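Work through these exercises with the model open beside you. Try each task before you read its solution.

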Amino acid sequence: MRRFSLLVLCTCAAIGIGLSLPWVITDRLDRAAEEQVLSFDAPEISLNRDVDLFRRLALAAGDPSLVVLTNGMSNHTPEEIQTLAAEALDFLAGCGLTTFSPNRWSFTSVCQPLLATDTGYTMTYDGETQTWTSVSSRESETSAAIFWRCVLTTGEGERLTLLMDDDLGLVLSFVYEAAPVQEKDTKTSVSLSDDMANLVADFCREYYGLEDLQSYSSSDGSWLLTFFNADNEKCWVTLSATPTSLFFNASEL
């Protein structure tokens, strides 16, 4: 009987140790982790490697990874970026897009600097087949730049989000969101007509100082704008819309 009781006690002790051992190991690992700095290998980033408008437009269009900057690495201050954003709206309004008149818009918050890095893929466009191809760029040096996000609204409830380049001081993409549609109003708030696409093309020519620009409409109602610089290099920018939003060089949400 005594041997049986001893066996039961030993079994219980073994079970108890087995249940508590993982917690003891985990606690020790947690304490050790507090004293260590975890590190990982990241792709090589070259910031401000080559301040080129077409590369920055492509980076903005590629749905880059965006991380908020807090250490003052930027060339511009938030106040300077707001001034440059207002100048861009002036260009838009001057080309006939009066919706963007600066006096209609107010900044909802301080413009925010972001570190933008590509996501590892580059989109190339084939004009003959009118198709986009995703090409992996993970083996190459990762593109990076400082962008600014500016959010503006109007008293009517419209919203405008601009993505601006810190080096160039230019808008690289924007998303316009119309005021919420009333339940009784079944009309669309945004219509991407040929006239509007031509006005946006005029804005691009003047604002970016392009040597040439060609525009093509797609069967889905979107537009593809082909930019040319003095060296005859190309860059493609998309213009699309939903019933309530307009997207310039930006993906539909």
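**Exercise 1. Find the largest nonpolar core and the residues with the most contacts inside it.**

Step 1. A nonpolar core is a set of buried Ala, Val, Leu, Ile, Met, Phe, Trp, Tyr and Cys residues joined through side-chain atoms within 4.5 Å. Buried means under 20% relative accessible area, exposed over 50%, and partly exposed in between (1.4 Å probe, protein chains only).

Step 2. Read off the core. The largest one holds 54 residues, and Cys204, Tyr208 and Phe227 have the most contacts inside it.

Step 3. Helix α4 (residues 194-208) does, with seven residues. Helices (H or I, at least four residues) and strands (E, at least two) are DSSP runs, numbered from the N terminus.

Step 4. Look around cysteine 204. Contact means heavy atoms within 4.5 Å. Leaving out residues up to four places away in sequence, cysteine 204 touches Gly209, Leu210, Leu213, Leu225, Phe227 and Phe248.

Before going on, note the ground rules. This is a predicted model: local features need pLDDT of at least 70, side-chain atom pairs count only at pLDDT 80 or more, and totals for chains, interfaces and linings use all residues. Residues are numbered from 1 along each chain as its sequence is written, and side-chain values use heavy atoms, with hydrogens and water left out.

**Exercise 2. Describe the protein chain as a whole.**

Step 1. Count the elements. The chain has four helices and 13 strands.

Step 2. Check burial. Of its 253 residues, 34% count as buried.

Step 3. Check the surface. The accessible surface is about 15,700 Å², and 52% of that belongs to carbon and sulfur atoms. Such areas come from the Shrake-Rupley method with a 1.4 Å probe; for residues, only the protein chains shown count as cover.

Step 4. Check the reach of the contacts. Take those between residues at least 6 apart in sequence: 58% of them join residues at least 24 apart.

**Exercise 3. How many disulfides are there?**

Step 1. Apply the rule. A disulfide is a pair of cysteine sulfur atoms within 2.5 Å. The count is zero.

Step 2. Cysteine 235 is in no disulfide; its nearest cysteine sulfur, that of cysteine 204, is 9.9 Å away.

Step 3. Cysteine 235 is buried, at 5% relative accessible area. Cysteine 150 is buried too, at 0%.

**Exercise 4. Which salt bridges involve arginine 56?**

Step 1. Start with the idea. Side chains of opposite charge can pair when their charged atoms come close. A salt bridge is a side-chain nitrogen of Lys or Arg within 4 Å of a carboxyl oxygen of Asp or Glu. The count here is six.

Step 2. Take one partner. Aspartate 165 pairs with arginine 56, with the closest N and O atoms 2.6 Å apart. This pair links distant parts of the chain: aspartate 165 is in strand β8 (residues 159-165), arginine 56 is in helix α2 (residues 53-61), and they are 109 residues apart. Both aspartate 165 and arginine 56 are buried.

Step 3. Take another partner. Aspartate 167 meets arginine 56 in a salt bridge at 3.1 Å, N to O. Aspartate 167 sits in the loop between β8 and β9 (171-177), 111 residues from arginine 56. Aspartate 167 is partly exposed at 22% relative accessibility, whereas arginine 56 is buried at 4%.

**Exercise 5. Trace the salt bridge between arginine 104 and glutamate 158.**

Step 1. Read the distance. Their closest N and O atoms are 2.4 Å apart.

Step 2. Arginine 104 lies in the loop between α3 (78-94) and β3 (106-107), and glutamate 158 in the loop between β7 and β8, so the pair ties together parts 54 residues apart in sequence.

Step 3. Arginine 104 is partly exposed at 27%; glutamate 158 is buried at 7%.

Step 4. Return to the shared partners. Salt bridges join Arg56, Asp165 and Asp167 into one network.

**Exercise 6. Where does threonine 153 lie, and what does it contact?**

Step 1. Threonine 153 is in strand β7 (residues 142-153). It is partly exposed, at 24% relative accessible area.

Step 2. List its contacts. Beyond neighbours within four places in sequence, threonine 153 contacts Arg104, Trp105, Ser106, Thr108, Glu158 and Arg159.
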